[in-house]
Amino acid sequence: DEEGAGGSMFPTGNLVDDLEVPGVGTLKATMINAGIPTIFVNANALGYKGTELQDAINGDSKALAMFETIRAYGALRMGLIKHLDEAAKRQHTPKIAFVAPPSDYVSSSGKKVQTTDIDLLVRALSMGKLHHAMMGTCAVAIGTAAAIPGTLVSIAAGNRAHEAVRFGHPSGTLRVGAEAKQVSGQWIVKKAVMSRSARVLMEGMVRVPGNAF
């Protein structure tokens, strides 16, 4: 991250930290700098299942305020800000996401996602709102954290390291992967892989003079 996360993948030096958040409690958190600085917490620690869609979060002002408070204290712990009040001016990072083991749910498009289709559930907030799917940079953080045993992401995905995982998000599923290893006590990423669904970017007509060919 160009604004202060530094070169360490785990700025606190730990795969999981006890993050004290006034008014919320002490949460287990994986704070990682991969793809984009991201704070991962367990869904059940916040009273969620990990199957929530946008309305369940974005329609709840208290929930949004809670997530912003967690994000602010996480940013402080990661060294991204020096004072808590700086978080409001730094909405783009860190991201905050909550994870859970796989479970059946119905996506926002109405498609049923089965437990057997996925390795874990992830919901992430961006710019103060639950994202409709998953941000690409945050997906890299998910894939990287899943590749490292002991992070909350890898624990939610079966408590082991994964070369690739398919996670459930509000709109469906996404497959991501990473190769990580320890060098001199520091985790580094050798590569990250992500699949994205294709979509139409443009369609239309172009008129050219008849004598152009």
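Select M127 in the loop between β7 (120–126) and β8 (129–130); helices (H or I, at least four residues) and strands (E, at least two) are DSSP runs, numbered from the N terminus. M127 has a positive phi of about 55° although it is not a glycine. At 53% relative accessibility, M127 counts as exposed (over 50% relative accessible area; buried is under 20%, partly exposed in between, with a 1.4 Å probe and protein chains only).

This is a predicted model, in which local features need pLDDT of at least 70, side-chain atom pairs count only at pLDDT 80 or more, and totals for chains, interfaces and linings use all residues. Residues are numbered from 1 along each chain as its sequence is written, and side-chain values use heavy atoms, with hydrogens and water left out.

S184 is not a glycine, yet its phi is positive, about 55°. S184 counts as exposed, with 76% relative accessibility.

Then select T93 and P94, which are joined by a cis peptide bond with omega of about -5°. P94 sits in the loop between α2 (61–78) and β4 (95–100).

Now show the whole chain. The protein has four helices and 11 strands. Its radius of gyration, 19 Å, is close to the 17 Å that the globule rule gives for 213 residues, so the protein is as compact as a globular protein of that length; the radius is taken over C-alpha atoms, and the rule is 2.2 Å times the number of residues to the power 0.38. Colour by burial: 44% of the 213 residues count as buried.
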